[in-house]
Number of protein chains: 2
Amino acid sequence: MQLGMIGLGRMGNGMTERLREHDHDVRTYDPKVESRTAASLEELKAQLEPPRAFWMMVPAGKITEDVFQDLLKLADKGDTIVDGGNSNFRDSQRRYGEAQAKELHFIDAGVSGGIWGLEVGFCLMVGGDADPVKRVEPIFQALAPEDGYAHVGPSGAGHFVKMIHNGIEYGLMQSYAEGFEIMEHSQFELDLEQISGIWRYGSVVRSWLLELLHTAFEEHGGNLDDIAPYVEDSGEGRWTIHEAIAENVPAPVIAASLFARFASRNEINFAAKVAAALRNQFGGHAVKAVERAKAGPDPR
Amino acid sequence: MQLGMIGLGRMGNGMTERLREHDHDVRTYDPKVESRTAASLEELKAQLEPPRAFWMMVPAGKITEDVFQDLLKLADKGDTIVDGGNSNFRDSQRRYGEAQAKELHFIDAGVSGGIWGLEVGFCLMVGGDADPVKRVEPIFQALAPEDGYAHVGPSGAGHFVKMIHNGIEYGLMQSYAEGFEIMEHSQFELDLEQISGIWRYGSVVRSWLLELLHTAFEEHGGNLDDIAPYVEDSGEGRWTIHEAIAENVPAPVIAASLFARFASRNEINFAAKVAAALRNQFGGHAVKAVERAKAGPDPR
């Protein structure tokens, strides 16, 4: 079927390629990418037969909002807008309402798989009304591996499930991270590349993330020497904790995983300064002085 | 090659079967299992040509220690004792020393794969001296799937790596657990069997544990109605945290996973009583009374 793909970054580009391999007629727009078929959203609209399906594959937040508002103005009654980005599900629920008010359809599609999706297929969690979801289903089925797509619920449910998926991902990553750090510090001189390698076969902790970790050790060495200990986040972990709080659900592991990422970027570590200052105040325990440490060897 | 398997529980039995499928000559002893080839450790010894290899596949702790001490007395110089159970690596280091003093070999083998290992193969993390490990290697290679075995280091290293493997497993399990609980409480009526199902294909969180979770939802329904919220532990999570402390490594996620298991068994929850009592003391916040809640409806 026809689809208008907006955004040709790593994800949008891979998805376009996979859809074309499945003989779908994908027209594309991205302000910065020459391989696009349309030089503007208007031209993209003109290249599609109504009722159209537009797929937004752009960064969550302001860019998604801007493109969505442009599409709201541009699209014709009966057209469908799919947001495949990592939008907050509450924004998706609002956008569904705004689209409805203009007699447009809105679908929130959580897409997982990263840069490997082109080859393996993208896992797809879709929220929205039954009719437009049914109409766009050939696209979902081409993007996903077999049994890797589901219409999980009404508007917002797709991005909600994707948010939880990413929250779980934080916890899985941090679990491996802590285990490998304990091994790295141990009395044994362990070969972490070797260990991550054998764990891929027959162990209880085998997973796709473990396979990627093994590849990382192969590429960067067992000490990951050239990788800085600085972990970014894109919001989904934060939202997962917001929702845990809204629902009164304890989520200590996902919360700790999120906070471990913050800690990795916390160069000043004011909390540690506070704790050291307090130990000094009540117990006279020595503090490590900042200036001294910079000026030369510790005089103790 | 010849091997004396001691312990024919779920693991020892599956391993014996897998070894025999690979044409190894496995003699067996278990006080409680009729299918054994030997009725005593002495008879098992007599069924094996020296230098012998004994494999202990019995519960960690007292039973392992008892069998080990029996083997120390019984075995002849040059024989090898393999401990395939989940022993603490510090015990394995001590046993290695005791075996050495009697000119016996001792190997600690971490075995992962659970009841699926018979079919898939068991991931094997082996610690010990090079010579005996080399000699028993045909057994390790038959038990493991391709590339699923490694000699990871000296005595103790095998059980150390298995301990970390299990610590990571705690974190992985709790990450899924929290994500699925947030979904279960959400405003959407999500089909958790469906979601765990599609995540197996193309998603970043796909793993063997996720496959098992999907099977559990298939067998017990999306609410897991017949499963009590009570999680046991077998010690490896505790030891992982002990080692994190010994090495000064922060392991908040694995620690929180362990504590979540304790919380699941904490029927009294004295900490919650303390916190409720304090809120009542300083702020006059109402407490929920135990007797009242049992006697009838809340009078508020």
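**Entry 1: A:Thr240**

I began with A:Thr240, which is buried because its relative accessible area is 0% (buried means under 20% relative accessible area, exposed over 50%, partly exposed in between, with a 1.4 Å probe and protein chains only). I was working with a predicted model, in which local features need pLDDT of at least 70, side-chain atom pairs count only at pLDDT 80 or more, and totals for chains, interfaces and linings use all residues. Residues are numbered from 1 along each chain as its sequence is written, chains are lettered from A and ligands numbered from 1 in the order in which they are written, and side-chain values use heavy atoms, with hydrogens and water left out.

I located A:Thr240 in helix α10 (residues 236–246) of chain A. Helices (H or I, at least four residues) and strands (E, at least two) are DSSP runs, numbered from the N terminus. I then listed the contacts of A:Thr240, leaving aside neighbours within four places in sequence: A:Met163, A:Ile164, A:Gly167, A:Ile254 and, from chain B, B:Ile182. Contact means heavy atoms within 4.5 Å.

**Entry 2: the two chains**

How is chain B laid on chain A? I found that a turn of 180° and a shift of 0.0 Å along the axis do this with an RMSD of 0.1 Å; the superposition is by least squares on the C-alpha atoms of residues with pLDDT of at least 70 in both copies. This is the relation of a two-fold axis. In chain B, the C-alpha nearest the axis belongs to B:Ser207, at 1.9 Å from it. The same surface serves both copies, since 100% of the contact residues of chain B recur in chain A.

**Entry 3: the sheet of chain B**

I traced an open sheet of seven strands in chain B, in the order β2-β1-β3-β4-β5-β6-β7 and with mixed pairing. Two strands pair if DSSP finds at least two bridges between them. The edge strands are β2 (25–29) and β7 (149–153) of chain B, each pairing on one side only. Neighbouring strands are turned by 25° against each other on average, direction ignored. Axes are lines fitted to C-alpha atoms, for helices over the stretch in contact, and angles run from 0 to 180 degrees between N-to-C directions.

I next examined β4(B). Strand β3 (residues 53–56) of chain B runs parallel to β4(B) and is joined to it by four bridges; B:Ala53 has B:Thr80 as its bridge partner. Four bridges also join β4(B) to strand β5 (residues 105–112) of chain B, again in parallel, and B:Ile81 is partnered by B:Phe106.

I noted as background that in a regular strand the side chains alternate between the two faces of the sheet. In β4(B) both faces are covered: B:Thr80 and B:Val82 on one side and B:Ile81 and B:Asp83 on the other are all buried.

**Entry 4: B:Thr80**

Which residues does B:Thr80 touch? Not counting residues up to four places away in sequence, I found B:Arg52, B:Ala53, B:Phe54, B:His105, B:Ile107, B:Pro132, B:Arg135 and B:Val136. B:Thr80 counts as buried because its relative accessibility is 0%. Its C-alpha is separated by 7.5 Å from that of B:Pro51, 29 residues apart along the chain.

**Entry 5: cysteines**

I checked for disulfides (a pair of cysteine sulfur atoms within 2.5 Å), and the count over all chains comes to zero. A:Cys123 counts as buried at 0% relative accessibility, and B:Cys123 counts as buried at 0% too.
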